[in-house]
Amino acid sequence: VSDGLLIGFLFALAAVGATAVALCRDPRPQVYLFSLYGLVLVTLFFALRAADVAYAQLAVGVGIQPLMILVALSRVESQEEHPEEEAEP
Amino acid sequence: MSERLRHGVFGLGVLLFGALFGFATYGLPEFGVHPAAYADLVNELAQARHVANASAAVLFDFRGFDTLGEELILLVCVLGVARLFEAEREDEDRKMGTTSGHQPERHSLAVYAFGESLLGLVLLFGGYVMVHGVRSAGGGFQGGVIMATAIITLYITTTYGLFKKIDREEVLEPVEGVAAGLYILIGLAAWTMSGVFLLNVLPLGTPGSLFGGGTIWLLNLVVGLKVGAAVCVLAYELLKETQHTEPKR
């Protein structure tokens, strides 16, 4: 019974987290929120006894994916600050 | 596009998605109930292959050929990203007439100390997850990615010099390529021995050991090396990109 309670709670948390990520309009906080939401998913997968998937989510969803978005963001931001330096042909 | 139209399109999309999703999931077995024939099959397979981790048995034996495909997709993607960034960087260097790279600002000593102590832990944990793939959760893919995140730690915490010393072309890419080739070679070796590509021909070993499951542990390790190197290349290129584009102050 407590198992189902935990899983239900984590599912609810995942739903709230996903909505929060979607509603966040500022890209940089959104990335951090997204990473945090990834951690919720890790716990959910682990509670569902899918430890393999939890590991993969931990490494890719929490580690690598936010990194990629952050790098893309920093590039866009530096282009906005210095348009003449980075002007694309 | 006006706001109203956008909301209309969004609402239509939600309705359509909801209808299709309901249609697709209607009549599925109840959550957590276990009538799935495939699950029984996989559990039997894991036992037959002397492997405790059923996912490893599926990935590197039952569906070994699919894993080869995935591996090659990753290889092509990462090579594409690396070449793309390289070409762009060379182009910009020529335009500006300078070689790129400025020193990032220095962090506090605490950040360095924390990061450097973390570095060994991350590598150790990644390696642990990688080699234990056949007997517990985890495996080559997960362990490889965890090990690759060490490069991010390195970037954040040590001086940029150490990060720059990593030679992508001489270390990471050969590891990636050789590991990808090894997977195919193991498959071909099995073919010459048995007539079937990627057939599990090695002795299965004792259940619960690190090197069990015949070719499973071998393929697991090869995939770990390959994925680790690939994600390292990816992270390295991305992080170098931030160095390059950061405006000079």
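In chain A, D3(A) and R49(A) pair through their side chains in a salt bridge, 3.4 Å from N to O (the term covers a side-chain nitrogen of Lys or Arg within 4 Å of a carboxyl oxygen of Asp or Glu). D3(A) sits in helix α1 (residues 2–23) of chain A and R49(A) in the loop between α2 (27–47) and α3 of chain A, so the contact ties together parts that are 46 residues apart in sequence. Helices here are DSSP runs of H or I with at least four residues, strands are runs of E with at least two, and both are numbered from the N terminus. This is a predicted model, in which local features need pLDDT of at least 70 and side-chain atom pairs count only at pLDDT 80 or more, while totals for chains, interfaces and linings use all residues; side-chain values use heavy atoms, with hydrogens and water left out. Residues are numbered from 1 along each chain as its sequence is written, with chains lettered from A and ligands numbered from 1 in the order in which they are written.

As for cover, D3(A) is partly exposed at a relative accessible area of 39%, whereas R49(A) is exposed at 68%. The cut-offs are under 20% relative accessible area for buried and over 50% for exposed, with partly exposed in between, using a 1.4 Å probe and protein chains only.

Over all chains, the structure holds six salt bridges. In chain B, the side chains of R49(B) and D61(B) meet in one of them, at 2.3 Å from N to O. This pair links distant parts of the chain, with R49(B) in the loop between α2 (37–48) and α3 of chain B and D61(B) in helix α3 of chain B, 12 residues apart. D61(B) is buried, at a relative accessible area of 14%, while R49(B) is partly exposed at 24%.

Another salt bridge in chain B joins E173(B) and R83(B), whose closest N and O atoms are 3.5 Å apart. Here too distant parts of the chain are linked: E173(B) belongs to helix α8 and R83(B) to helix α4 of chain B, 90 residues apart. E173(B) counts as buried at 13% relative accessibility, and R83(B) as partly exposed at 39%. The pair is also part of a network, in which salt bridges that share partners join R83(B), E86(B) and E173(B).

Chain B as a whole is helical in its secondary structure, with nine helices and zero strands. Of its 249 residues, 38% are buried. On its surface, V178(B), L182(B), L185(B), L188(B) and W191(B) make a nonpolar patch of about 470 Å². Patch members have over 30% relative accessible area and no salt bridge; like charges are joined within 9 Å, and nonpolar side chains (Val, Leu, Ile, Met, Phe, Trp, Tyr) within 5 Å. The areas come from the Shrake-Rupley method with a 1.4 Å probe, and for residues only the protein chains shown count as cover. W191(B), found in helix α8 (residues 168–194) of chain B, is partly exposed at 47% relative accessibility.

On a 1 Å grid over the protein atoms alone, a cavity is a set of points where a 1.4 Å probe fits but cannot get out, and a pocket is an open set with protein on both sides within 12 Å along at least five of seven lines; lining residues have an atom within 4 Å of a point. Points are joined across faces, edges and corners, and a volume is the space filled by probe spheres set on the points.

The second largest pocket has a volume of about 500 Å³. Its lining runs to 24 residues, and E70(B), L74(B), F141(B), V145(B) and V227(B) lie nearest the centre. Both chains contribute: α3 (51–81) of chain A and α3 (54–62), α4 (64–96), α6 (140–157) and α9 (215–245) of chain B each give two or more residues to this lining. By class, the pocket lining has 17 nonpolar, four polar and three charged residues. Nonpolar here means Ala, Val, Leu, Ile, Met, Phe, Trp, Tyr, Cys and Pro, charged means Asp, Glu, Lys and Arg, and the others, Gly among them, are polar.

Two cavities of 30 Å³ or more turn up. The largest cavity holds about 40 Å³ of space, and its lining includes D52(A), F141(B) and N220(B). α3(B) gives the most to that lining, with four residues. The class count for the largest cavity is four nonpolar, seven polar and one charged. The second largest cavity, at about 30 Å³, is lined by V131(B), L210(B), F211(B), W217(B), N220(B) and L221(B). Its lining has five nonpolar residues, one polar and no charged.
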